[in-house]
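Thanks for coming. Please have the sequence and the model open while I talk.

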Amino acid sequence: MSDLKKIKDEFLSKLSGKLDIAEINQIKSDLFGKSGLISTQFKKIGTIEESERKKFASDLNIIKGELQDLISSKINELESAEINKKLEKEKIDITLPERSFVQGKIHPVSQTIDEISSIFSEIGFSIEEGPDVENEYNNFTALNTPENHPARDMHDTFYLDEKKQKLLRTHTSPVQIRTMLKDKPPFKIIAPGRTYRSDSDQTHSPMFHQVEGLHIDKSINMGHLKGCLNYFIKEFFEVDKIKMRFRPSHFPFTEPSAEVDIGYEIKDGKIMIGEGNKWLEILGCGMVHPNVLKNVKVDPSKFQGYAFGIGIDRLAMLKYGINDLRAFFDCDYRWLNHFGFDPLDVPTNYRGLSR
Amino acid sequence: MIITFDWLKDHLKTNLKEKNLLEQLTNIGLEVESVESLSADNEMFKIAEIIRTEKHPNADRLKVCDVNIGENEIKKVVCGAENAKKGLLTIYAPPGAIIPKTKTKLLVAKIRGVTSYGMLCSESELNLSDESDGITELSKEFRKNIGKSYFSKSKSNLIDLSITPNRPDCLGVRGIARDLAASGFGKLIDLEEKNIHSKNKHTLKVKINKEKGQGCTAFGSCLITNVKNSESPKWLKDKLISIGQKPISAIVDITNYVMLDINRPLHAYDADKIEKGIIVRNSKSGEEFTALDNKNYKLENGMCVITDNKGVLGLGGIIGGTRSGTEFNTKNVLLESAYFEPGSIRNTAKKLNLDTDAKFRFERGIDPLSIVDGLNKAAKLIKEICGGEISKFDIQKIETYKAKKITFDPNIFEKISGFKISLKEIIKILEDLGFEVKKNKKRLKLAVPSWRPDISQEVDIVEELVRISGYEKIKYIEPTKQRKKSTLNKLQKLFHFLQRSVASKGYMEAITWSFTDKRFNDYFRDTKKEIKIINPISSELGVLRNSIFSNLIMHINKNLDRGFKDLSIFEIGPIFNGSDPGEQNTVVCGLTAGKKSRLSWIEKERNVDVFDVKRDVVQTLVEAGYDSEKFFIDNETPNYYHPGKSGRLFLNNEKNQIAAYFGEIHPNILKQIDMKTESLVGFEIFMENLKLPEKTLKDLKIKFSFSDYQKSERDFAFIVNKDVKAQDLINTISSVDKSLVKNVKVFDIYEGENIPKSHKSIAINVTIQSSERTLNDDDLEKINNLIIQTVENKTGAKIRS
């Protein structure tokens, strides 16, 4: 029996026993250490006769490989057994609560404004804003509502001075005036924002939100107005069809003027928008009055177009089934948490307005 | 404006049903607000007499009345009205009746232990008027009708129309009929009446003073002598009751009827109470009179008054006075039919805070050519019902009405409406509405009817045509999906970003009113000017907010009362710096109360603190694209913050504009509003003060560089004077060699043993890395020494050995 075979058999038998990691490492060094049995054999290669040298070297390599593999597999076995043993001890009650987290929410009015902006963005409207405090001219006079016009009665106005020259805007329409004075036509804007009327009861809040729309160009007519609003309402309520009614009304700053109703019905105590035979008024609109255009130095013989004003809070109430307008501004944590939206829920066109 | 289909049929011939009528009214812009059925229930309301009253045994303010409801039936009714007394004729509602105002069904009820069989009604409960003080008082003429139903049988429903302010003509039934007829709903009945030709002299002289601002431009009148004023005949009473008005006396009822029928307000004076003639003039400051609402009014200069030798008789077109009012014993009547300027009416009514039916109509504009029609119609009725002789009509005017003329280009119709109708149709609609139409080549020359003050230019004609043709004819033109300008500008994008960024840190977004309670505002006003609202809803909402904190803290407190302990809310919105447009700023304001990890099995609970809000502010700004390494923070904050635990943040050390404040809210404020929480911290980010980043993300993304050479970290502990700021230390170290010092972290602050009392130890971890090569020991030693040297020189620190 050659030395090699002897070594192999001896160590195979040693390694087949039950060993701990230290014993294996000892074997490893006995074989492969600086003066280990295998290492010594390798040193011998040069002294062996040339005719046998090749075979010797090959045999040696095979044995080396075999023993090495066995050793590393033994080590692996032992290590994983050790980990497993450790894991045994590390069992916890995974049903205990996670570390606490807090969730913030976006107010339904903000969410609705973003939804509205997203819809109008698709059809080319950009967003304008104006100040909450307005002068009497922008809020009324420029909008063809001179002093002593009975239409002013419909706006219970908060004033900031005795002369009634400074006020809290009663609608977002003054943004029309500011926009048109600032730029040149065409105009295609919406203007969401806070509005104020000194009216306070179950269905009125002294502060509420409106979005103004304005599209002025060379040949914008009532058909464009109807098409635009129909598109908006369908998109907003995320329905394919909407029952909508245009009916004549009056606003000093538009002529002709219209109010828009949408059809609804109550099904199982829930309001269903777009069907049914009841009508719900949701907005006012019309063709911008030539007097208004003149007031902002736009030539009414060259430019015309439409404007509209929509109550944002009302839209939010309808879409999300909120009953009480006053609750919007009451800051009840429970309400905010229930009706609020996750901040990551940004209404966009491609992923839809709402989940 | 309340009408009934029956009344409408006085002017409109139609076979159509009420259902069609309601639809058509809305379609032509006369919006039906509500329809109230006057069903058989209303017959339950009976004319009754109180025959005895006694004090309620268990309530001081209640009476127990024996009420005669006819046919020898007496009912016991408990009543709280002060005017309930023996002999009063009033209206009785039996159990089972539905009260018109409240729509509630009346039941037999025990009131404080006494059973009440039915109820005695106020005018307001019956929707007869707004009078809710006391029960209805009927005149003695009703005595013979005790037990009979007060409301006559009516088949017609009450139709309440919301008439827009531009349509005074539709404040009369005839105007509504005319619009309906023009739209093809029935035919307008011709009511041309013969004018009265009287030979009797009009003996009262009327004069309109020609003076500046004269509010009356025409005053028509006639005298009707030897009348016998009485209760109105049944048809007239029924007519008024049918639309919910209370009949008073024939003369008053007739003037009301004419007003409602043809929108011609009239006023009847007892001619014997007028001293000599009538002068229509401007009032003088200090003049006084008692109006028919029994209130005394002190007048200012320049109000249009109808006067006689003794003084003011009434406010022209608004309200008459008690001195010259007609009564049942009135013998001679002066009937007035005048034209008052809308602006003058409105001014006066607003100053005196007066609202009447006549005022409502005159301020919208009455048909100036209806003066004679009104006199004719009313005088005839008075003569018919009350007898007497009618005098000649006297018409005084200081202005002559001229019809408005408009040249109308029919092409404009399609240009605005987007659809077509024939010229023939255009002409027909306009003529049906009362326009005089003349064709002139391709244009139409139009004379506007005198009852349409709202029409003055071509676009008004377009509206009439679209309205009558039907808004359903307007086409739907699909919007084009094309964008020429970005939807949001940079500031709006920032708003949007900050809003969602703060919410994502656990804050609930609130929206609160822009006004607030002065008391709360004062806590957070700092040095800002208070901005008062002249006419607030209530004193608690009397000022515009100078800070959002005022509202948020109020609402945090309410939520604490609701039992919440750990709260974070924020609002992004305006604060006001002055009362001029534009003197406002957009602020993101947040408040956090309570603890972190309250009742946690795994984490130690602690109060929220200033470094929580500092993180929220800094993280939000970093997410919005600002470089936190450039931030500069000091402790100069407004007085509503805790002076020692609050900070002011600038985007860089040029300290141009304040980007944010953050900190603990001053404990004094919490004490004053009695807030019970472990801790309250807040922040304000001033959106307009954030310099908008010049570089877009696109620009920033292009450049990407990093170093793969070995990093090395070193810890230093410096002993510094207590007032040395960590920020200074960090900045000093960072600027030692910007190409090598990559990161500086404070990892410990220590005061106490082994450190002088006035000093503290700050432990800092510095990451050093070159982007050009691997640093060797020498390089590191050099930079370490440089850091120590620089810090020691600049801050007076000593390295802790």
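Chain A is divided into domain 1 (3–89) and domain 2 (108–339), with bounds from an automatic or database domain assignment. The C-alpha centres of domain 1 of chain A and domain 2 of chain A lie 87 Å apart.

A word on where this comes from. This is a predicted model, in which local features need pLDDT of at least 70 and side-chain atom pairs count only at pLDDT 80 or more, while totals for chains, interfaces and linings use all residues. Residues are numbered from 1 along each chain as its sequence is written, and chains are lettered from A and ligands numbered from 1 in the order in which they are written.

How spread out is chain A? Chain A has eleven helices and ten strands; these are DSSP runs numbered from the N terminus, helices being H or I with at least four residues and strands E with at least two. The radius of gyration of chain A, at 41 Å, is well over the 20 Å that the globule rule gives for 355 residues, so chain A is more spread out than a compact globule. That radius is taken over C-alpha atoms, and the rule is 2.2 Å times the number of residues to the power 0.38. Along the principal axes, the C-alpha atoms of chain A fill a box of roughly 125 × 50 × 45 Å.

Next, burial. Of the 355 residues in chain A, 40% are buried, meaning that 20 or more other C-beta atoms, placed from the backbone, lie within 10 Å of the residue's own. In helix 7 (residues 174–182) of chain A, the buried residues are P174(A), V175(A), Q176(A), I177(A), T179(A) and M180(A). Their cover includes strand 4 (187–196) and strand 5 (207–217) of chain A.

Now the cores. A nonpolar core is a set of buried Ala, Val, Leu, Ile, Met, Phe, Trp, Tyr and Cys residues joined through C-beta atoms within 7 Å. The largest has 219 residues, and V333(B), L335(B), I382(B) and I569(B) have the most contacts inside it. Another core, of 26 residues, lies apart from it and includes I91(B) and M119(B).

Last, where the chains meet. The contact takes 82 residues from chain B and 67 residues from chain A, two residues being in contact if their C-beta atoms, placed from the backbone, lie within 7 Å. Which helix gives the largest share of the side of chain B that touches chain A? Helix 11 of chain B does, with six residues.

Methods:
A residue is buried if 20 or more other C-beta atoms lie within 10 Å of its own, exposed if 12 or fewer, and partly exposed in between; C-beta atoms are placed from the backbone.
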